[in-house]
Amino acid sequence: MDFVDAHCHIISEDLTRYPKAPIGGKQSQWAATRPVTAEGMVARMDETGIDQAVLVQATTNYGYDNSYVLDSSRHWPERFVAVGTVDPLRPDAAANLKAAVGEGGLSGVRLFTSGSTVPTQGEWFVAPETFPFWEQAAALDLPVCLQMRLGPATKQLVELLKRFPGVKVLLDHIGYPDIAASPARAGAEVAALGVHPGLYLKLTHRNLERLQDAGERAGDFLTPVVEAFGAGRIAWGSNLPAAEQTLPELRTLAEDVLAGLPEQDRQEIFAGTSRRLYPALTSNGA
């Protein structure tokens, strides 16, 4: 089985070259207490049997300065691609985005809509000021990871997907559906979004732990979601080191929860989807 980790974070020990600059001024606890360097991530991947990974900007450590994920992906192009963070509300957001991609540049971007890293409250990601950003993302065929919670904000997500059908939106942690309360209801809520072809799902420990707890009822969530999206629009990510488990434990968690799916579906979730979203993984891979 081929494995690509679609969501992990790295923190450098070199504070001079890569100074802390968290958005909102607050560093996340995991970044302070259990950071992993790029070298450490390579070692953990080797230990776990994971070929390649997507380095997602640690916004609560570096803000909009994507230097570390970019430098790391350039140093290990056969192992990493970089997903950075930009401010889509800036008047020059589209130009900044275009300048950030290309050979040796970002392979994707990530936006936060809630939590300590959000400079502006509310579902600003569909504000008119962001339209040039989304138009440029579509023109570049650049995946945009969106960190948001399903619920009241779902209508803004749907508005975005309808207004910009050419954009590939990767919903981090599947939008935190409330699997614990009702796997079936959560599955139906997520499956209803499958009609939007530009929407992809990122399956992480935040969902997998709830599904593991659900036991036999996990299928009440997984079955409708996989049927609605297809495994080709679902990607697994470890969320290391924001997740407290080791990388081998996170891989095992995913394998155990998804064991009931056909092998072809599991291969898509564990690697195929990520390789299509981020073509540099395929071109730089072994």
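## Aromatic pairs

In this predicted model, ring pairs join F3, W236 and F270 into a cluster. Rings of Phe, Tyr and Trp (its six-membered ring) count as paired if their centres lie within 6.5 Å; planes under 30 degrees apart are stacked, over 60 edge-to-face, and the rest tilted. Seven aromatic pairs are found in a search of the whole structure. One of them is W76 with F80, whose ring centres are 6.0 Å apart and whose planes stand at 80°, so the pair is edge-to-face. W76 counts as buried at 16% relative accessibility, and F80 is buried with a relative accessible area of 2%. Here buried means under 20% relative accessible area, exposed over 50%, and partly exposed in between (1.4 Å probe, protein chains only).

F131 and F164 also form an edge-to-face pair, with 5.5 Å from centre to centre and 65° between the planes. This pair links distant parts of the chain, 33 residues apart: F131 is in helix 6 (residues 131–140), and F164 is in the loop between helix 7 and strand 6 (169–171). Both F131 and F164 are buried. Helices (H or I, at least four residues) and strands (E, at least two) are DSSP runs, numbered from the N terminus.

## Basis of the description

Residues are numbered from 1 along each chain as its sequence is written. Local features of the predicted model need pLDDT of at least 70 and side-chain atom pairs count only at pLDDT 80 or more, whereas totals for chains, interfaces and linings use all residues; side-chain values use heavy atoms, with hydrogens and water left out.

Eight strands make up an open sheet with parallel pairing, in the order 1-2-3-4-5-6-7-8. Strand 1 (4–8) and strand 8 (234–236) are at the edges with a single partner strand each, so one side of each has no neighbour in the sheet. From one strand to the next, the twist averages 25°. Strands pair if DSSP finds at least two bridges between them; strand 4 (residues 108–112) and strand 5 (residues 144–147) pair in the parallel sense over four bridges. L111 stands opposite L146 in strand 5.

Helix 2 (residues 38–48) packs on the sheet and touches strand 1, strand 2 (52–56) and strand 3 (80–84); the direction of helix 2 makes about 130° with that of strand 3. Axes are lines fitted to C-alpha atoms, for helices over the stretch in contact, and angles run from 0 to 180 degrees between N-to-C directions.

## Nonpolar cores

A nonpolar core is a set of buried Ala, Val, Leu, Ile, Met, Phe, Trp, Tyr and Cys residues joined through side-chain atoms within 4.5 Å. The largest has 82 residues, and those with the most contacts inside it are F133, W134, L157, V169 and F221. Helix 10 (residues 218–229) gives the most to this core, with six residues. Apart from it lies another core of twelve residues, including V83, Y200, A271 and L277.

## Two buried loop residues

Q57 lies in the loop between strand 2 and helix 3 (59–62) and counts as buried at 0% relative accessibility. Its side chain reaches the backbone oxygen of G63 at 2.8 Å, and a polar atom of the Q57 side chain lies 2.8 Å from the backbone oxygen of D65.

L150 is placed in the loop between strand 5 and helix 7 (154–163) and is buried, with a relative accessible area of 12%. The C-alpha atoms of L150 and Y176 are separated by 6.6 Å, although these residues are 26 apart along the chain. Leaving aside neighbours within four places in sequence, L150 is in contact (heavy atoms within 4.5 Å) with L157, L171, I174, G175, E189, V190 and L193.

How values were computed. Polar contact = N/O pair within 3.5 Å; in protein donor to acceptor, adjacent residues only side chain to side chain.
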